[in-house]
Amino acid sequence: MNKLSSLVILLSLMACGTQDNDGVAVAREGSPANEVVEYVWHNKGPNFSEENLNMLVKKWNSLIDAGNYEINGANILTPRGESQADFIWVMLWPSMDARDAAWDDWMKNVDSEWQEMIKGIMTVDFDNVYAFKPIVKRTASVPNQSSTFENEFNFCNYNEGYGESDLEKFEMDFTNFLDETEVKDGPDGFWYVMLEPYFDGSEENPLVDYVWLSLWTDMAEKNNGYGNYGATNLPAESDRLSSCQRFSFSGRAIR
């Protein structure tokens, strides 16, 4: 089974969860821009608690600072209910070179210390690490200044007779809808990116045609956006274009 197929299976078992921390704003395009967004699965240990997780977040940030790694930000995505992973640690990198250099140094010089710190609290699943190139298609008109957010992955395959040109047409229609909605309701924090995997599929488990990631400031904004969207012909246009698996999360920025 290839990595994207495994990720889709994981997401199919997940929904949203929320954690609070107002000290960090959600990382978006980065400076320099994010060229890599990386998802690392984690599982809870017998001593897991929100307090212990927050303690480890502080220690992790100290280790990142000490290593002087080139990293733009980090988030935690937490599922509701049971899943193959209890939460996902997300890292935003300016380049694959920066990502590789950081991981190389971490595994040589830091990981043994980190494993001692997290023992009994959580475990890292190194068999499930997924890196994507995020392509920002629309930025938020009102940037999220809090540490929490909502996001939604859409893993999509084109329906027969449809392809990239049809997706481009849909995005144009979607952009017009967003522009008109902002005129009517005012600006909001919605934005979206396309995720291109840095890993390959196989003949048995091919990659999906595209991965669309939507983000909102909070659930109220998401619900309002979906209400406006559902009152248009865009859902029908999307259904003609492709078949998608949709998975929603809540998250918080930790760096």
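Two strands count as paired if DSSP finds at least two bridges between them. Helices (H or I, at least four residues) and strands (E, at least two) are DSSP runs, numbered from the N terminus. This is a predicted model, in which local features need pLDDT of at least 70, side-chain atom pairs count only at pLDDT 80 or more, and totals for chains, interfaces and linings use all residues. Residues are numbered from 1 along each chain as its sequence is written, and side-chain values use heavy atoms, with hydrogens and water left out.

**Barrel**

Eight strands close into a barrel. Their order is E1-E3-E2-E8-E5-E7-E6-E4, and the pairing is antiparallel. From one strand to the next, the twist averages 35°. Axes here are lines fitted to C-alpha atoms, for helices over the stretch in contact, and angles run from 0 to 180 degrees between N-to-C directions. Helix H7 (residues 234-241) packs on the sheet and touches strand E5 (148-158), strand E7 (210-216) and E8. Contact means heavy atoms within 4.5 Å. The direction of H7 makes about 115° with that of E8.

Strands of a sheet pair through backbone hydrogen bonds, either parallel or antiparallel.

| Strand pair | Sense | Bridges |
|---|---|---|
| E2 (residues 73-78) and E8 (residues 242-253) | antiparallel | four |
| E1 and E4 | antiparallel | seven |
| E4 and E6 (residues 191-197) | antiparallel | six |

Ile-76 stands opposite Arg-252 in E8. Val-37 faces Phe-132 in E4 as its opposite residue. Arg-138 has Tyr-192 in E6 as its bridge partner.

**Disulfide**

How many disulfides does the structure hold? There is one, a disulfide being a pair of cysteine sulfur atoms within 2.5 Å. Cys-156 is joined to Cys-244, with an S to S distance of 2.0 Å. The link is right-handed, with 115° about the S-S bond. Cys-156 lies in strand E5 and Cys-244 in strand E8, 88 residues apart, so distant parts of the chain are linked.

**Pocket and cavity**

On a 1 Å grid over the protein atoms alone, a cavity is a set of points where a 1.4 Å probe fits but cannot get out. A pocket is an open set with protein on both sides within 12 Å along at least five of seven lines, and lining residues have an atom within 4 Å of a point. Grid points are joined across faces, edges and corners, and a volume is the space filled by probe spheres set on the points.

The largest pocket holds about 470 Å³ of space. Its lining has 29 residues; Phe-174, Trp-212, Ser-214, Tyr-226 and Tyr-229 lie nearest the centre. Elements giving two or more residues to that lining include E5, E7, H7 and E8.

The count comes to one cavity of 30 Å³ or more. The largest cavity has about 190 Å³ of space. Among its 16 lining residues, Trp-60, Met-91, Trp-103, Trp-106 and Trp-114 lie nearest the centre.
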